[in-house]
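Hi,

Here is the structure I promised to pass on. Have a look at it first, and my notes follow below.

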Amino acid sequence: MSEFKQSGTLPASGLRPGLRATVAGLVSRAMVRWHRGKAAAVLHRLDDRQLEDIGVLRSDIPRVVAELVPSNIETSVQDARISAHAAGPLKAT
């Protein structure tokens, strides 16, 4: 009798590519919700005078938060790292 062996090789990450993308999407959406919630909470803690000073109406907070917190956190974090790295030589020592 011959024996059948399945190789069972997986990508280096240990997850199938489709599953990895699904998990990454879920984590990304959770991070966006968390960051937007934190930003909204900070703005809601300001009084109306402080909001007026920064040009925001209380009714505009959801729109402002959506504009401030990008829907793709991972990309914006990478962009921030690139910007910080590029600005490194410009800092005064």
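A question to start with: is Arg63 buried or partly exposed? Arg63 has a relative accessible area of 43%, so it counts as partly exposed. Do keep in mind that this is a predicted model.

Arg63 also has a partner: its side chain forms a salt bridge with that of Glu67, at 3.1 Å from N to O. The two sit four residues apart in helix 3, so about one helical turn separates them. Glu67 is exposed, at 58% relative accessibility. Asp60 joins in as well, giving a salt-bridge network of Asp60, Arg63 and Glu67.

In total I have four salt bridges for you. Another one pairs Arg49 with Asp53 (3.1 Å, N to O); these are four residues apart in helix 2, so again about one helical turn lies between them. Then there is Asp48 with Arg58, at 3.0 Å from N to O. That pair links distant parts of the chain, with Asp48 in helix 2 and Arg58 in the loop between helix 2 and helix 3.

Now for the inside. The largest nonpolar core has eight residues: Ala40, Leu43, Leu51, Val56, Ile61, Val64, Val65 and Val69. Val69 touches Val32, His35, Arg36 and Ala39, leaving aside residues up to four places away in sequence.

As for helix 1, its buried residues are Ser28, Val32, Ala40 and Leu43.

Cheers

Notes. Residues are numbered from 1 along each chain as its sequence is written. This is a predicted model: local features need pLDDT of at least 70, side-chain atom pairs count only at pLDDT 80 or more; totals for chains, interfaces and linings use all residues. Side-chain values use heavy atoms; hydrogens and water are left out. A nonpolar core is a set of buried Ala, Val, Leu, Ile, Met, Phe, Trp, Tyr and Cys residues joined through side-chain atoms within 4.5 Å. Buried means under 20% relative accessible area, exposed over 50%, partly exposed in between (1.4 Å probe, protein chains only). Contact means heavy atoms within 4.5 Å.
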